[in-house]
Amino acid sequence: MASITLDNVGKVYPGDTRAVGDVNIEIADGEFIVLVGPSGCGKSTLLRMVAGLESITDGEIHIGERVVNQIEPADRDIAMVFQNYALYPHMSVRQNLAYGLKNRGTPKAEIERRVNDAAEILQIGQYLDRKPRALSGGQRQRVAMGRAIVREPAAFLFDEPLSNLDAKLRVTMRLEIKQLQKRLRTTSIYVTHDQLEAMTLADRLVVLNGGRVEQIGTPLELYRRP
Ligand code: ADP
Ligand code: ADP
C-alpha cells in the first residue's frame, strides 16, 4: 500500500488546452478517493498522469516515496481497471489473470496462488478455462479486476469501470467493489460520473470543474453542504 500525493499538478495539452491546474490532493494509505465532475473536467487526464500514461506539465505526483515521472513503466506498482475490460481475447481467463505476472517473472507457484486467490475473491473460479467472449459483461469486468488484484499493487486506478454495464449490473458490481475495498484496503483512485457510485464507494470525493478541485470531502460533508 502507498500514499499518493498530488502537488500543484497541472496539464496543458499541445495546442495550449489546459486540462488540469493547481491540483493538490493528499491520499492516505488505503484511502478510496473518487474523482467526479462533468465530462471534460479533467478526471481522466488526472488519472492517466498518476498512472504515468500521460506526461505532467506542472507539479509532481508521488506514490509512496517515489516521484511518478521518474519511475520506469515496468516498475510502476499500480494497476489500472478500464471500462473496456482490456482482456486478451485469445487467452483463457486463467491466462489473462496470469499474463502480467508471467511477464514480470513471478514464480509459477506464486502465480497460481494469486490467480486462485483472485478467482475466489471475485467468484470467477468456474470460468477460469473460458475465453472472454464466453463471459457476460459482468464476468468480464470481474476478470479485468482480477488482473489488477493479482498484481497486489500499491494502488488501484479505476477509469469508469462500470460504465459499459447495464443499470442492474452496475448496482451489483458497485456493491462488489465496496466489499473488495473493505477486504483489500488498497489505496484507490476511482473515476466516475455516476453520483451513486461515487457516494457509495468514496472515503473522500474530489469534485473537479474545469480541471480544478472545486470541493473535496467525505460524502457526508459534501452532501450536507448547501
Ligand atoms: P474527463 O475525463 O473529465 O471527461 P479529460 O481529462 O478527458 O476529462 O479532458 C479534460 C480536457 O482536456 C478536455 O477539455 C479535453 O478536451 C482535453 N483533452 C483530453 N485529452 C486530450 C488530448 N489528448 N489532446 C488535447 N486535449 C485533450
Ligand atoms: P498488466 O496485465 O500487467 O497490467 P498489460 O500488458 O495489460 O499488463 O498493461 C501494460 C500497461 O499498459 C499497464 O501499465 C496498463 O496500465 C496499460 N494499459 C493496458 N491496457 C490499456 C488500455 N486499454 N488503454 C490504456 N492503457 C492500457
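This is a predicted model: local features need pLDDT of at least 70, side-chain atom pairs count only at pLDDT 80 or more; totals for chains, interfaces and linings use all residues.
Reader: Let's start with ligand 2. Which residues surround it?
Author: Eight names here. M80, F82, A86 and Y88 are part of the surround. G100, R104, R147 and R151 complete it.

Reader: How does that shell divide into nonpolar, polar and charged?
Author: The shell of ligand 2 has 4 nonpolar residues, 1 polar and 3 charged.

Reader: Which side chains have N or O atoms 2.9 Å from an oxygen of ligand 2?
Author: Y88 is one: a side-chain N or O atom sits 2.9 Å from a ligand 2 oxygen. R104 also has a side-chain N or O atom at 2.9 Å from an oxygen of ligand 2.

Reader: And R151? How far is its polar side-chain atom from a ligand 2 oxygen?
Author: For R151 the distance is 3.2 Å. As for cover, ligand 2 alone exposes 540 Å², and the protein buries 59% of that.

Reader: Switching to ligand 1. What surrounds that one?
Author: Y13, A19 and P38 are in the surround. So is the run S39, G40, C41, G42, K43, S44 and T45.

Reader: Which helix gives the largest share of that shell?
Author: Helix 1, residues 43-51. Helix 1 supplies 3 residues of the shell around ligand 1.

Reader: How many of the shell residues are nonpolar, polar and charged?
Author: Around ligand 1 there are 4 nonpolar, 5 polar and 1 charged.

Reader: What about the backbone? How far is G40 from a ligand 1 oxygen?
Author: A polar backbone atom of G40 is 2.7 Å from an oxygen of ligand 1. For S44, a backbone N or O atom is 2.8 Å from a ligand 1 oxygen. C41 has a backbone N or O atom 3.2 Å from an oxygen of ligand 1.

Reader: How much of ligand 1 does the protein cover?
Author: The protein covers 59%. On its own, ligand 1 has 560 Å² of accessible area.

Reader: New topic. What is the strand order in the open sheet?
Author: The order is 2-1-4-5, across 4 strands. The pairing is antiparallel.

Reader: Which are the edge strands?
Author: Strand 2, residues 17-27, and strand 5, residues 66-67. Each pairs on one side only.

Reader: How many bridges join strand 4 and strand 5?
Author: The two pair over 2 bridges, in the antiparallel sense. Strand 4 covers residues 58-63.

Reader: Which residue of strand 5 is the bridge partner of H62?
Author: V67.

Definitions and conventions. Residues are numbered from 1 along each chain as its sequence is written. Chains are lettered from A and ligands numbered from 1 in the order in which they are written. Side-chain values use heavy atoms; hydrogens and water are left out. A residue is near a molecule or strand if one of its heavy atoms lies within 4 Å of it. A polar contact is a pair of N or O atoms within 3.5 Å; within protein, one must be able to donate a hydrogen and the other to accept it, and residues adjacent in sequence count only if both atoms are side-chain atoms. Accessible areas come from the Shrake-Rupley method with a 1.4 Å probe; for residues, only the protein chains shown count as cover. Ala, Val, Leu, Ile, Met, Phe, Trp, Tyr, Cys and Pro count as nonpolar, Asp, Glu, Lys and Arg as charged, and the others, Gly among them, as polar. Two strands pair if DSSP finds at least two bridges between them.
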